[in-house]
Amino acid sequence: MIDKRLLKEASKTRFYLVLTIGLGMVTGLIVVWQAKVLASIVSQVFINQYQLAQVQTLLIILLGLIFIRALLAWYSEINAHRVAARIKAELRQRLLEQLFQLGPVQVRGERTGELTNLLVEGIEALEDYFAGYIPQLVLAVAVPLTVLLFVLPIDRTSGLILLLTAPLIPLFMILIGQWADHLTKRQWHVLSRMSAHFLDVLQGLTTLKLFGRSKDQIRVIGRISAEFRQTTMGVLRVAFLSALVLELLATISTALVAVGLGLNLIYDRITFEKAFFLLLLAPEFYWPLRLLGAKFHAGMNGVQAANRIFEILDQPVQTSTAKVQGASLNQQRIHLSFEKVHFSYDQTAEIVKGVSFDLGPGQKVALVGPSGAGKSTLANLLMGYIQPTKGLIRVNGLPLESLAGQEWRQLVALVPQTPYLFYGTVAENILFGRPGATEAEVRAAAHRAGAQEFIEKLPQGYDTPVGEQGLKLSGGQAQRLAIARAFLKNAPVLVLDEATAGLDLSTELAVQGAMKRLMEGRTVFIIAHRLATIYDANHILVLNEGRIVEEGQHQKLLEQKKLYYDLVRAYGGCQE
Ligand code: ADP
């Protein structure tokens with residue numbers, strides 16, 4: 001139950017480990033000393049009939065020791081929590097950075113709810129591990145060892161009883177721990193599934209309501225909750241059972257020591273003071289071991305979470321090797337070409353099957369095709385979030401892989417189907433396009449995106465909070481903010497994923513107009529859903545099952561009466 005990688009995290013704060021061990025050893029010594037002083041007070045008062053005044057110094061020392069012991073416990077607790085907080089913050093940061101590095105495509109595979117659970121609950125579970133389990137582990141070694149060192153020279157029998165029974169406690173702990181291990185794993189798994197499902201339901205609430213399926217979902221959540229309750233009860237049962245076994249062991253062993261000491265006393269083989277000293281030490285010997293049993297389960301949760309955290313941290317990040325400076329490209333004339341590009345997310349199915357096309361500077365290529373054809377995958381390839389499994393994508397003749405991802409994405413602006421608005425003001429949301437832009441530039445971008453008018457009508461204008469907890473903007477308004485972002489970014493390449501949802505006519509016209517202005521003079525790759533956009537394109541690619549099945553211009557494609565014709569006809573002008 002000592003996770004090597006977690007310990008490595010802790011060793012970054014080596015001071016913590018040294019201090020924890022140091023404090024553990026001092027605690028061990030104080031425990032012995034306290035028992036010694038107490039034994040001698042009791043012996044002097046009962047056997048030697050001393051008055052209170054005669055044992056006053058010893059009493060003061062005893063009080064002092066109790067106080068120091070409390071102080072040590074307090075300090076080590078504070079220290080442990082401080083270090084746990086530092087490790088948690090660092091791991092959370094690394095996990096987030098890794099998720100950013102992995103990018104939207106790889107992260108899509110992980111369910112967002114499960115990730116949220118890991119980032120919040122999972123990291124919190126490490127608190128118990130670092131602040132509870134590890135310090136207790138140190139105490140469970142240091143205190144019994146110190147106690148044994150003092151008991152053995154005084155009374156070999158008691159020492160041997162302690163020595164022989166002590167390993168039984170960790171042994172039982174390991175046995176029970178192995179049993180609990182798969183239960184804890186299951187508990188963690190069910191909790192993650194519950195979070196993931198809950199998020200799914202929240203995000204899909206409208207759809208669920210629309211199709212009258214919300215009752216089913218409530219039932220599913222109910223079922224998962226019941227499963228979670230059962231596994232939690234299972235874990236608790238094991239925890240209580242192990243506590244029972246450990247208590248029993250410790251009590252029986254203490255009783256054995258007591259019987260041995262009693263016999264020695266009767267036969268006068270030991271003084272009362274020594275016997276009492278040893279009797280006081282016996283429970284102190286088992287105490288940290290018993291506590292370790294209690295903290296074991298909490299710590300195990302942390303280890304489970306850590307496994308998942310390290311699994312994500314270990315995922316290889318696709319990085320390009322040769323780094324060509326993005327700035328060295330002629331940014332005014334970006335020429336993109338796909339050369340027999342293949343791609344698969346996993347070994348099972350190829351999603352893109354030998355796609356080739358050319359996108360000259362200032363050209364507009366429109367991609368149409370049924371849902372699942374691979375349109376978004378092509379856009380992700382173009383943005384460098386994923387690399388072709390075969391074939392090449394070239395930017396002005398250079399392989400895209402030789403450009404650092406970040407630099408390439410500086411040259412590409414994306415207007416997604418449903419733009420995400422972060423919690424922040426309208427101005428801050430536009431600023432995502434180019435952090436550091438001036439207020440005037442933000443306003444100019446909003447103006448060109450046709451967003452100026454509605455922004456000024458908002459309660460606090462550009463300072464109105466929007467996003468998750470702010471004002472809800474309509475689809476058309478959010479789209480215009482995304483267009484404003486793209487204007488601000490002013491990148492030479494534009495990837496547009498047109499919205500499928502219909503907007504009211506005037507909003508639609510406003511969005512269309514803004515899009516048109518945005519496209520001017522840029523190299524544009526559009527996942528098109530509107531006839532108007534398609535008319536405007538220099539070239540249309542019809543994608544089906546990862547292959548380009550038709551390409552050319554609108555009129556010519558219509559005349560062929562193949563997939564393109566069907567798509568246009570079936571949807572009355574709107575694709576999908
Ligand atoms: P389109 O945009 O044309 O609707 P996509 O490119 O989104 O199509 O998807 C094409 C296929 O690739 C679909 O079968 C989809 O399930 C699969 N797919 C998309 N993204 C991923 C992913 N991150 N992991 C695995 N499969 C994916």
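1. Helices here are DSSP runs of H or I with at least four residues, numbered from the N terminus. The contact draws on Thr 112, Gly 113, Glu 114, Asn 117, Leu 118, Glu 121 and Gly 122 from H4, and on Trp 188, Leu 191, Ser 192, Ser 195, Ala 196 and Leu 199 from H6 (contact means heavy atoms within 4.5 Å). Sorted by class, that is 5 nonpolar, 6 polar and 2 charged residues (nonpolar: Ala, Val, Leu, Ile, Met, Phe, Trp, Tyr, Cys and Pro; charged: Asp, Glu, Lys and Arg; polar: the others, Gly among them).

2. A word on provenance: this is a predicted model, where local features need pLDDT of at least 70 and side-chain atom pairs count only at pLDDT 80 or more, while totals for chains, interfaces and linings use all residues. Residues are numbered from 1 along each chain as its sequence is written, and side-chain values use heavy atoms, with hydrogens and water left out.

3. Back to the geometry of that pair. H4 (residues 112–154) and H6 (residues 168–203) pack at an angle of about 125°, their axes 7 Å apart (axes are lines fitted to C-alpha atoms, for helices over the stretch in contact, with angles from 0 to 180 degrees between N-to-C directions). That makes H4 oblique to H6 (under 35 degrees is roughly parallel, over 145 roughly antiparallel, 65 to 115 roughly perpendicular, the rest oblique).

4. Next, H5 (residues 156–165) against H8 (residues 214–266): the axes come within 9 Å and cross at roughly 165°, so the two are roughly antiparallel. H5 passes H8 in a right-handed crossing too. Ser 158, Ile 161, Leu 162 and Thr 165 of H5 meet Ser 253, Leu 256, Val 257 and Leu 261 of H8. The class count is 5 nonpolar, 3 polar and no charged residues.

5. H5 also packs on H9 (residues 272–313), with axes within 11 Å and a crossing of roughly 10°. That makes H5 roughly parallel to H9. Here Ser 158, Ile 161, Leu 162 and Thr 165 in H5 meet Leu 278, Phe 285 and Tyr 286 in H9.

6. Finally, the ligand. It is surrounded by 12 residues, the closest being Gly 372, Gly 374, Lys 375, Ser 376 and Thr 377. A backbone N or O atom of Gly 372 sits 2.7 Å from a ligand oxygen atom, and a polar backbone atom of Lys 375 is 2.8 Å from a ligand oxygen atom.

Methods:
Near = heavy atom within 4 Å. Polar contact = N/O pair within 3.5 Å; in protein donor to acceptor, adjacent residues only side chain to side chain. Left-handed = near helix turned anticlockwise from the far one by under 90°.
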